Amino acid sequence: MRTTDVRVLRAITAMAAGQPVVVRDDSGGDGHLAFAADAATPGLLAFMVRHTAGYVRVALPGTECERLNLPPMCQREPALRVSVDVRGSGTGISARDRARTVAALASAAATPSDFSRPGHVVPAQAADGGVLARPEPAETAVDLAGLAGRRPAAALCEIVSRLHPTRIAEGAELTEFAVEHRVPIVSIAEVVAYRRRTEPQVVRLTEAILPTWAGDSRVIGFRGAYDGGEHLVVIVGTAGAGLPVPLHIHVECLTGDVFGSQWCRCGADLTAALARMSAQGGGVVVYLRPPAPPRACGLFDSRDSASEALSDTVAWILRDLGVYALRFSDDVPGFGLVMFGAIREHGVGADELAAAG
């Protein structure tokens with residue numbers, strides 16, 4: 001098991017047990033203390049307030065924000081909703097009062113009339129799809145709560161630096177905090193990678209038999225479960241499950257595939273792969289079409305073709321097809337080896353060298 005997966009699983013276990021976790025933002029360097037909102041207690045709130053900036057938010061799915069009539073606080077930060085206190089909670093500022101409010105926001109039985117506005121706890125809308133749609137602390141905390149089998153709601157707040165009390169803790173100080181308080185620490189990127197590997201990343205949409213110059217081919221259309229990218233699989237000839245299947249992985253290149261640009265090998269590699277499969281009597285082409293901006297070598301090409309997200313997409317497409325054994329050709333253009341190294345972690349094996357275009 002990957003070390004990163006171990007950290008994610010420890011965080012999920014802590015969430016399930018009603019304990020806090022440290023969520024680290026690798027891009028910004030800072031960290032949040034988070035726990036499942038339905039596990040809120042005065043002790044947890046007191047611990048959070050003592051070690052954080054004290055601006056406690058409760059991340060909720062958009063459907064819950066609408067159900068509880070929690071409108072945006074301001075146009076500049078539409079994810080932040082009008083602050084609330086649960087009714088009958090005294091002044092609302094104490095750890096005990098805020099714990100009641102946090103728990104109430106997570107309750108499926110809560111209604112809009114249960115809260116007074118404004119208050120001392122700030123709801124925050126998390127994006128649909130969680131970290132796979134928006135890799136931010138709020139989405140990470142909600143995902144961890146959901147993965148732990150709890151309500152998809154989480155309290156979170158930035159951890160304050162002990163070395164520089166006017167700043168937010170970051171880097172090694174977050175690790176020291178986690179070790180000192182025996183709190184699991186996990187990064188946003190680790191939760192993203194974990195979900196990509198453990199949850200289907202594509203949905204099969206359509207299928208047809210199309211006559212191509214390589215012969216009648218079975219073509220299957222897929223859509224990314226979270227990013228909306230649309231992908232095609234072209235099955236040439238016979239490619240039975242359980243047998244090593246010749247495979248070519250191709251990322252759409254508008255200029256190379258459509259206009260035959262000589263700036264790159266994209267179009268030539270795809271044509272050669274189809275010709276080889278036609279001559280051999282079978283094979284599979286996975287044609288990836290990630291969401292905008294489109295890839296167009298020589299015109300604009302800012303996307304990383306060998307990204308982990310694309311590798312996971314390929315792996316889930318192969319799983320859907322029931323393909324677990326591959327046969328790669330020995331000409332390795334572009335990112336074939338990099339992508340194969342990633343998809344092999346999904347249990348897909350190969351007889352020869354990985355190739356992709």
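**Exercise 1. Work out how helix 1 and helix 7 are arranged.**

Helix 1 (residues 3-16) and helix 7 (residues 188-198) pack with their axes 9 Å apart, at an angle of about 95°. What is the orientation of helix 1 to helix 7, and which residues meet?

*Step 1.* Start with the terms: helices (H or I, at least four residues) and strands (E, at least two) are DSSP runs, numbered from the N terminus. Axes are lines fitted to C-alpha atoms, for helices over the stretch in contact, with angles from 0 to 180 degrees between N-to-C directions.

*Step 2.* The angle makes helix 1 roughly perpendicular to helix 7, a class that covers 65 to 115 degrees.

*Step 3.* Now list the contacts (heavy atoms within 4.5 Å). From helix 1, T4, D5, R7, V8, L9 and I12 meet E190, V191, Y194 and R197 of helix 7. These residues divide into 5 nonpolar, 1 polar and 4 charged; Ala, Val, Leu, Ile, Met, Phe, Trp, Tyr, Cys and Pro count as nonpolar, Asp, Glu, Lys and Arg as charged, and the others, Gly among them, as polar.

A word on the source: this is a predicted model, in which local features need pLDDT of at least 70 and side-chain atom pairs count only at pLDDT 80 or more, while totals for chains, interfaces and linings use all residues. Residues are numbered from 1 along each chain as its sequence is written, and side-chain values use heavy atoms, with hydrogens and water left out.

**Exercise 2. Find which residues of helix 4 are buried, and what covers them.**

*Step 1.* Buried means under 20% relative accessible area (1.4 Å probe, protein chains only). In helix 4 (residues 95-106), D97, R98, A99, T101, V102, A104, L105 and A106 qualify.

*Step 2.* Their cover includes strand 2 (31-36), helix 2 (42-51) and strand 5 (115-126).

*Step 3.* Of its 35 residues, V22, F35, V58, V102, L105 and F115 touch the most other members. Helix 4 gives the most to this core, with 5 residues.

*Step 4.* Follow F115: beyond four places in sequence, its contacts include T101, A104 and L105.

Conventions. The expected span of a helix is 1.5 Å times one less than its number of residues. Buried means under 20% relative accessible area, exposed over 50%, partly exposed in between (1.4 Å probe, protein chains only). Angles under 35 degrees count as roughly parallel, over 145 as roughly antiparallel, 65 to 115 as roughly perpendicular and the rest as oblique. A nonpolar core is a set of buried Ala, Val, Leu, Ile, Met, Phe, Trp, Tyr and Cys residues joined through side-chain atoms within 4.5 Å.
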